[in-house]
Amino acid sequence: MGELSFEDAVRLFLRDRKYANLSKHTLEFYYREFLKLRNTLEIQQLSTDPAAITYRVLKENVIFYLMEEEELKPTTINCLLRAARALFNYLVKEELLPESPFKKISLVKVKRTVVNTFTNQQLFALLGQPKLNTFSGVRDYTMILLLLETGIRVRELCEITLDDIDWSAMSIKINGKGARERFVYFQDKMRQQLITYIHRRGAVPHRTLFVKRGNQMPIDRRAVHEQIQTHGKTAGITNVRCSPHTMRHTFARLSVQNKANLFALQSILGHSTMDQVLTYVNLFSSEVRDAHKAFSPVENIKIGEVF
């Protein structure tokens, strides 16, 4: 068992995950994080053999090293730890290792930060930037509107094909995280804008919905980020990050404030647990504030009348 190399372990794991039909995006994430783990150990001249990666090595030479020497954020370190934990759990399950060094390893505690969203005024300003007399303007306007309408991730946006759209059901099939398919929905205004964009898109040699200007190749995540950042800068938006993910947070805020069903919201956003949805509720729901008006001890005992 001690003869198993890191490279062989990674190869076996990725083959197993590919057999489990994980998405290409997820497989790339695992491979990228495994490379980070290997490089972190090699730069300290430590063995990368799975049997040599102990609890002490993980704590001192991975977690503390990345925090103190590389000064990485907890969320970045946790990505590596999650991937490595999945690898070692697989090795134990396949009896390639007697036990996992992750049994006593916890993720690095992440300080909760405020979830920034666009205000309604910022949304209007952002949507006012794309030039609707150009192809790229119509495309960008449609992408921003669809992100706001559905709360989908930027990768999911880039992977939508014409075949994923069900016009009668007013829905779009999304290939989410972990190869989990789900459906998101759109209403009349979004439907009309999609039709307008598809008409401008015209015939191209593939079925991907959003395409680049000129070569008509499928648009990629980087291009979407750059376009939204550019429009945000032109709109003079400076106190919030102009990104597809901020649009996702904004969708969640507006949904919570409009009293969306939490289980429906979890399904639409594609979250495997309610944790993030409950975070949105705690941040954006007015129900607790409104309820406090009814049960406020100070209001109800009428302090002013006591004296």
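In helix α3, the buried residues are Val57, Leu58, Val62, Ile63, Tyr65 and Leu66, where buried means under 20% relative accessible area, exposed over 50% and partly exposed in between (1.4 Å probe, protein chains only). They cover an arc of only 165° around the axis, which puts them on the same side of α3; the arc is that of the directions from the helix axis to the C-beta atoms. This is a predicted model, so local features need pLDDT of at least 70 and side-chain atom pairs count only at pLDDT 80 or more, while totals for chains, interfaces and linings use all residues. Residues are numbered from 1 along each chain as its sequence is written, and side-chain values use heavy atoms, with hydrogens and water left out.

**The chain as a whole**

- The protein chain has 15 helices and three strands; helices (H or I, at least four residues) and strands (E, at least two) are DSSP runs, numbered from the N terminus.
- Taken along the principal axes, the C-alpha atoms of the protein chain fill a box of roughly 80 × 65 × 35 Å.
- Of its 307 residues, 43% count as buried.
- Among contacts (heavy atoms within 4.5 Å) in the protein chain with a separation of 6 or more, residues 24 or more positions apart account for 60%.

**Helices α3 and α4**

- Helix α3 covers residues 55-68, and at 1.5 Å a residue its 14 residues should span 20 Å; the end C-alpha atoms are 18 Å apart, which agrees. The expected span of a helix is 1.5 Å times one less than its number of residues.
- The cover over the buried residues of α3 includes α2 (24-43) and α4 (74-93).
- For α4, the 20 residues should span 28 Å at 1.5 Å a residue, and the end C-alpha atoms are 28 Å apart, which agrees.
- Buried residues of α4 are Ile77, Asn78, Leu80, Leu81, Ala83, Ala84, Leu87, Phe88, Tyr90 and Leu91.
- Those buried α4 residues pack against α1, α2 and α3.
- Just after α4, Glu95 takes a positive phi of about 60°.

**Salt bridges**

- Side chains of opposite charge can pair when their charged atoms come close.
- The structure holds 14 salt bridges, each being a side-chain nitrogen of Lys or Arg within 4 Å of a carboxyl oxygen of Asp or Glu.
- Asp140 and Arg139 meet through their side chains in a salt bridge (2.9 Å, N to O), and both residues are buried.
- Glu156 and Arg153 form another salt bridge, the closest N and O atoms being 2.7 Å apart; Glu156 is buried, and so is Arg153.

**Aromatic rings**

- A pair of aromatic rings is described by the distance of the centres and the angle of the planes.
- There are nine aromatic pairs in the structure; rings of Phe, Tyr and Trp (its six-membered ring) pair if their centres lie within 6.5 Å, and planes under 30 degrees apart count as stacked, over 60 as edge-to-face and the rest as tilted.
- Phe13 and Tyr30 have ring centres 5.0 Å apart and planes at 85°, so the pair is edge-to-face. This pair links distant parts of the chain, with Phe13 in helix α1 (residues 6-19) and Tyr30 in helix α2, 17 residues apart.
- Phe13 is buried, with a relative accessible area of 2%, and Tyr30 is buried at 15%.
- Phe88 and Phe102 have ring centres 5.8 Å apart and planes at 45°, so the pair is tilted. Distant parts of the chain are linked here too: Phe88 is in helix α4 and Phe102 in the loop between α4 and α5 (120-127), 14 residues apart.
- Both Phe88 and Phe102 are buried.
- Ring pairs also link Phe13, Phe29, Tyr30, Phe34 and Tyr90 into a cluster.
- The charged end of Lys104 sits over the ring of Tyr55, 4.5 Å from its centre; a charge sits over a ring if NZ of Lys or CZ of Arg is within 6 Å of the ring centre and within 35 degrees of the ring normal.

**His249**

- His249 lies in helix α10 (residues 244-257) and is buried, with a relative accessible area of 14%.
- Not counting residues up to four places away in sequence, His249 touches Val115, Asn116, Thr117, Tyr280 and Phe284.
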